Amino acid sequence: MSANTTSKTKSLQAQKKAGLIASYVFLIILSIIWVIPILWVVLTSFRVEPGSFVSSFFPAPYKWQAEDGRWLEQTYTLQNYIDLFTPDGDYDFGRWYMNTLIVAIFSCLISTFFAVSTAYVMSRMRFKLRKTFMNVALVMGMFPGFMSMIAVYFILKSVNLNQSLIALIMVYSAGAGLGFYVCKGFFDTVPKALDEAAMIDGATKAQVFFKIVLPMSKPIIVYQALTAFMGPWMDFIFAKFLMGTNYKTYTVAIGLYSMLERERIFTYFRQFAAGSVCVAVPIMVLFMCLQKYYVEGVTGGAVKG
Amino acid sequence: MSKKLDSESKIEVPDSIATKISFVIMGFGNLAHKQFVKGAAFLLIEVGYILFMLMGGLQNLWNMITLGTVETHEEKIEGSMFSRVVYGDNSMLFLLFGIITLMITAAFVGFYIANIRSARNVQQLEMKGEKIPSFIDDVKLLIDSRFHITLLFLPIVGIVTFTLVPLVYMILIAFTNYDRDHQVPGNLFHWVGLANFKDVLLGGVGFADQFSHTFFGVLGWTLIWAFFATFTNYFLGIIVAIIINQKGIKYKALWRSILVLTIAMPQFISLLVMRNFFSQYGVINRALINAGIISDLNHVIPFFTDPTWARVSIIIVNMWVGIPYTMLMSSGILMNIPQDLYEAATVDGANKVQMFFKITLPQIIFVTTPYLITTFIGNINNFNLIYLMTGGGPSTTDYYAAGKTDLLVTWLYKLTSDKKDYSLASTIGILIFIISAALSLITYRNTKSYKEEDSFQ
């Protein structure tokens, strides 16, 4: 009897162990699948062999004839990064990088301010058109954004702002007031008793906003700022539409995208990879540092709808 | 509170002469009570508006109704054999200026109502013998009980200029014939009522028939795609989260970080890389050749060139993109499920599978229903993935300007940027809106968070 139970617990333990091993194998396979594309971009950015289609995953040694007739062979190089940051006609990645940084900083500041203040008003103030505003915001958010792209373009053109960075900042941040839902959900959880206590002590609504609600809402503000900052690095459709062929005001996203056009891809593919690394690394670092806030924002938004 | 006062005053106190004059001359009531700055501001707004309407506003509204009457045409130059091109009306600008005039009028109506309310308010204060607020007092209110006006001013200006006006403009375009045959400034376009909707939904002859065939084909695929894209990510993401969070797994943070790394990677980069991987001579086909699964480059798997393969490929790529998000979110929820639920279940003899279906899944679904809806709608509008991976291809002659993997949004984009069929694109935009709005209304209205939004705090 007792021998039976021990063998039973033993088999249970073995089962558990097998389960764990299976889980580890699964996780390792998963990690490989998720890391491979990233690893490949990094490897490609150091590759000597030109072109976008190669015969092996890891760069192969590449042979070519130098100008003096000697045969050279090399596998890895830093030349792609040097080429990337050397202006070449219209292609000026350093400039695009600065453009994107400027746009990202300004639209991050403006849109965070817009979203946070709208969220505070919707969460804390009570006035006649409040519910109307919230419903209109919900409805407007359901129209596909591209629909209004042409109209935005004409509006900007009529004030001579198309093809400029200011236009891009405006486009990215002007509508931010509509994206208050996640932030409002967070403000709703900050106890109202705090506001009331402060107002009994004579604080104005503005003081409550700046001195009580804002300091307590760091996670959600960081989340808003982070998503707003990352936007300009990733959007290429609106930017492409606004900028057309004005290479001077390109952002990295349109620049990199244009490197993959059919007639350029062979020459520029390695530079594309190098550029991608230059864009991805800072964003990844930023993201990893602020991951905690991001998770709170995502889950908070999901839970509260 | 001020609302209450207003409604009381309407019943009890008849408007004084100063208030009555305010109906015609804005700000008069304020001026009569020595609120000079406020009164002057109202008066200035009225004068400005009337001047604007006379100088061109009325013309704008009329132009919006006609959308232009003079076509671009050639005109003989008198006394010579040459003719010159005379540019006609620009329907597109007429429509835009018309909308802007309407917005200005709406703002004016708002000020007008505020003016009357303000006049009644001062009248009431005077009758009660209370102090009439000076301009400085009013400004002070802007950081206190009227702080919402201060905070909302700039965001609303932004929303109106960059979201509302363009949106109204595009909605109106759906009721015109602004398409490839009616391009400004060369041609005029006109109001056509519901003709575009009829073409798209009911079909007709020639082009119209192809529109509606394309619309229903693309719509079908859009819904299938949204369904698979949402649910594959959702369930697989939850499973991955459960595996990482189970007892006994070490380095939880490491596994999680590896997946999260891909969220941090700008999406267009990872998608462009994926496109390269899946392309005809890309890494995956090369790897399959090296592994001996396919014989040579003539027998590559048509990941993007065969309709069925293309559809499967993008759903798979979407899993790569989306699973980390769901994993991240459900990890948070999993950690909040009380452990004693599981302990109680173990005591009752439940096994892991039972526990998953009876405890874990209901809990997660309960919490994430709103997320599922937003993700579903997000997938209906998942422009980036389709545009960057397949560009909507493989193309087909069955469809008008669309390929086999095009979603409604990517088709809309192609209609605008390639075909310049703006009216058709706007019609589709409105239909997408109706679909998403219907979906979310049905579900949102039934969630607790919507019903109890106000009472929650």
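Two residues are in contact if their C-beta atoms, placed from the backbone, lie within 7 Å. The model is predicted: local features need pLDDT of at least 70, side-chain atom pairs count only at pLDDT 80 or more, and totals for chains, interfaces and linings use all residues. Residues are numbered from 1 along each chain as its sequence is written, and chains are lettered from A and ligands numbered from 1 in the order in which they are written.

**View 1. The contact between chain A and chain B**. Chain A supplies 70 residues and chain B 74. On the chain A side, helix α1 (residues 2–45) gives the most, with twelve residues. Helices are DSSP runs of H or I with at least four residues, strands runs of E with at least two, both numbered from the N terminus. The chain A side splits into 51 nonpolar, 14 polar and five charged residues. Here Ala, Val, Leu, Ile, Met, Phe, Trp, Tyr, Cys and Pro are nonpolar, Asp, Glu, Lys and Arg charged, and the others, Gly among them, polar.

**View 2. The fold of chain A**. Chain A holds 14 helices and two strands. Its radius of gyration is 26 Å, well over the 19 Å that the globule rule gives for 305 residues, so chain A is more spread out than a compact globule. The radius is taken over C-alpha atoms; the rule is 2.2 Å times the number of residues to the power 0.38.

**View 3. The fold of chain B**. Chain B has 19 helices and two strands. Its radius of gyration is 31 Å, while a compact globule of 457 residues would have one near 23 Å. Its C-alpha atoms fill a box of roughly 90 × 85 × 35 Å along the principal axes.
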